Amino acid sequence: MGKVAVAAAAVGAAAACAVAAIVVRQRMKSAGRWAKAAAMVKELEEKCATPSGKLRHVADAMAVEMHAGLASEGGSKLKMIISYVDNLPTGDEEGMFYALDLGGTNFRVLRVRLGGREGQVVKQEFVEVAIPPHLMVGSSSELFDYIASELAKFVATEDEDLRPPPGRQRELGFTFSFPVRQTSISSGTLIKWTKGFSIEDTVGQDVVSALTSAFERQGLDMHVSALVNDTIGTLAGGRYGDKDVVAAVILGTGTNAAYVEQANAIPKWLGPPPKSGEMVINMEWGNFRSSHLPTTEFDEALDIESLNPGEQIFEKMISGMYLGDIVRRVLLKMANEASLFGDSVPPKLEIPFILRTPNMSAMHHDSSSDLRIVGATLKDILGITNTSLKTRKLVIGVCDVVARRGARLAAAGVVGILKKIGRDSSPKDGGEVPRTVVAMDGGLFEHYTLFRSCFEDTLKELLPEDLSSSVVVIQANDGSGLGAALLAASYSHYLHSDS
Ligand code: ADP
Ligand code: MG
């Protein structure tokens with residue numbers, strides 16, 4: 001025992017000397033590390049730069065692609081899908097309707113009682129359910145059966161006095177936020193999965209039939225009266241509250257936009273002419289790409305390693321599913337090449353999608369003097385302990401570059417839409433400037449305050465000054481569920497059978 005203790009003491013002394021030597025060496029090395037790390041952030045900033053001139057090119061490219069997508073099938077990366085929504089809510093909708101919103105990490109079921117012009121939304125109830133990850137990559141019947149069974153539970157909580165009369169089915173608006181080739185207001189085939197979903201047996205199938213079959217298997221009596229996505233739902237919900245809404249943008253797990261197009265700009269090949277003067281177009285703008293986008297090696301690697309390489313390039317630069325992972329990739333390179341987190345690379349930093357956008361946003365908003373939220377996030381999520389204030393500041397710098405680029409590109413996309421519909425400048429005849437409202441929704445926009453304010457500032461920066469008060473961005477908080485229910489009312493199959 002004694003010998004061991006002596007030996008241990010000797011080892012301890014030697015170790016102390018060695019530690020002292022390492023500390024001296026490290027102090028010398030650390031200056032070089034800092035310079036290298038800071039230079040890497042600077043380089044990232046340059047590669048991600050989005051000066052107004054560049055954003056104007058992005059906006060122009062968006063408008064050009066919109067024209068091209070309308071001109072011919074496959075004419076653009078933008079699918080410009082006709083939504084069959086030519087009858088946006090007016091405020092007169094009445095009755096009880098359901099909505100189901102599937103399109104990300106959660107799905108929601110919603111029940112709303114509409115009281116017509118006087119009553120508006122009398123009552124709205126919803127339940128949100130997380131999608132078990134294995135169902136995102138399994139078979140469509142498993143996914144839809146799960147959804148149908150959750151919806152059936154929700155239907156069972158309906159007030160007894162609100163039950164539909166015998167012989168009348170409940171009606172539902174289905175918000176399905178993946179690219180769908182719409183074939184009518186209440187049918188459409190899935191083009192592809194995005195946002196981490198991959199269920200091969202559904203591609204090319206009618207999603208309403210798949211859902212309706214699941215309802216039947218679960219014994220649920222429910223008719224799908226409208227099939228929309230979150231952008232169309234948000235546009236419809238936004239229009240219900242504000243008649244000047246002309247476009248909707250989602251910034252959540254993924255991103256997309258929809259807008260109101262004039263009937264005379266809808267070519268015949270796209271679908272039947274709108275019964276009214278206008279038709280909502282689903283742009284699928286997540287798939288936009290342009291040589292003007294400031295892409296980096298990090299975006300390229302993220303794309304190649306994704307479930308859908310070569311697709312959704314715009315989405316991969318601006319949406320909540322990806323921003324955190326871009327930051328992780330940058331930090332990984334800084335750990336490798338500038339030893340940002342010490343001599344070894346923290347193993348967790350190698351795990352894709354471990355750093356999520358809400359973590360990034362929490363760090364970015366850290367206003368404490370010692371940046372303790374950054375420190376805690378690095379420790380809890382990435383297992384990186386004892387970070388210095390300098391390191392934490394560099395991490396925030398990376399978050400800032402990535403968030404700012406995303407927000408500014410999203411704003412440029414909106415300017416592209418306004419350009420397409422002639423709302424990006426005041427009327428040439430000198431007439432009154434119309435009010436133009438864009439309804440926004442999605443967790444990224446809602447919760448990432450710095451992203452949102454950068455988006456809003458950039459919109460102002462890109463638009464002429466005389467428009468700055470007439471172009472309005474509103475947050476349609478979960479407008480898409482309400483919007484889908486409203487569209488189920490507008491396109492109720494009882495209305496159709498009556499007429
Ligand atoms: P979905 O897009 O899945 O339908 P949401 O619109 O609620 O659902 O958006 C969820 C997404 O929003 C998350 O995947 C995440 O990327 C982003 N998000 C949620 N909370 C925050 C937050 N606090 N900060 C930044 N991004 C957030
Ligand atoms: Mg959503």
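**Second largest pocket.** I began with helix H1 (residues 2–47), which gives the second largest pocket the largest share of its lining, five residues. Helices and strands here are DSSP runs, numbered from the N terminus (H or I, at least four residues, for a helix; E, at least two, for a strand). This is a predicted model, in which local features need pLDDT of at least 70, side-chain atom pairs count only at pLDDT 80 or more, and totals for chains, interfaces and linings use all residues. Residues are numbered from 1 along each chain as its sequence is written, chains are lettered from A and ligands numbered from 1 in the order in which they are written, and side-chain values use heavy atoms, with hydrogens and water left out.

I noted what a pocket is: on a 1 Å grid over the protein atoms alone, an open set of points with protein on both sides within 12 Å along at least five of seven lines. A cavity is a set of points where a 1.4 Å probe fits but cannot get out, and lining residues have an atom within 4 Å of a point. Points are joined across faces, edges and corners, and a volume is the space filled by probe spheres set on the points.

The second largest pocket holds about 310 Å³ of space. I found 16 residues in its lining, with Arg33, Ser339, Leu340, Gly342 and Thr391 nearest its centre. I sorted the lining into six nonpolar, nine polar and one charged residues. In this sorting Ala, Val, Leu, Ile, Met, Phe, Trp, Tyr, Cys and Pro are nonpolar, Asp, Glu, Lys and Arg are charged, and the others, Gly among them, are polar.

**Largest pocket.** The volume of the largest pocket is about 1,100 Å³. I counted 42 lining residues, and Gly104, Thr105, Gly252, Thr253 and Gly443 lie nearest the centre. Two or more lining residues come from each of strand E2 (94–102), strand E3 (106–115), helix H9 (320–338), helix H10 (357–364) and helix H13 (443–447). By class I have 14 nonpolar, 18 polar and 10 charged residues.

**Ligand 1.** Which residues come nearest to ligand 1? Among the 13 residues around it, they are Gly104, Thr253, Gly320, Ser361 and Gly443; a residue is near if one of its heavy atoms lies within 4 Å. I then looked up single distances. A nitrogen atom of ligand 1 lies 3.0 Å from an N or O atom in the side chain of Ser361. An oxygen atom of ligand 1 is 2.8 Å from a polar backbone atom of Gly443, and an oxygen atom of ligand 1 is 3.2 Å from a polar backbone atom of Leu444.

**Cavities.** How many cavities of 30 Å³ or more does the whole structure have? The search finds three.

Among the residues that line it are Phe176, Phe178, Leu227 and Asn282. Strand E6 (180–184) and strand E8 (222–228) each supply at least two lining residues.

**Cysteines.** I counted zero disulfides, a disulfide being a pair of cysteine sulfur atoms within 2.5 Å. The cysteine sulfur nearest to that of Cys48 belongs to Cys399, 12 Å away, and Cys48 is in no disulfide. Is Cys48 buried or exposed? Cys48 counts as buried because its relative accessibility is 6%; buried means under 20% relative accessible area, exposed over 50%, and partly exposed in between (1.4 Å probe, protein chains only). Cys399 is buried too, at 0%.

**Two single residues.** Ser187 is in strand E7 (residues 187–190) and counts as buried at 16% relative accessibility. Its side chain makes a polar contact with the side chain of Thr183 (2.6 Å) and another with the side chain of Ser184 (2.8 Å). A polar contact is a pair of N or O atoms within 3.5 Å; within protein, one must be able to donate a hydrogen and the other to accept it, and residues adjacent in sequence count only if both atoms are side-chain atoms.

Ala257 lies in strand E10 (residues 255–262) and is buried, with a relative accessible area of 0%. From Ala257 to Asp230 I have 27 residues in sequence and 8.9 Å in space, C-alpha to C-alpha.

**Whole chain.** The protein chain has 16 helices and 13 strands. Of its 499 residues, 52% count as buried.
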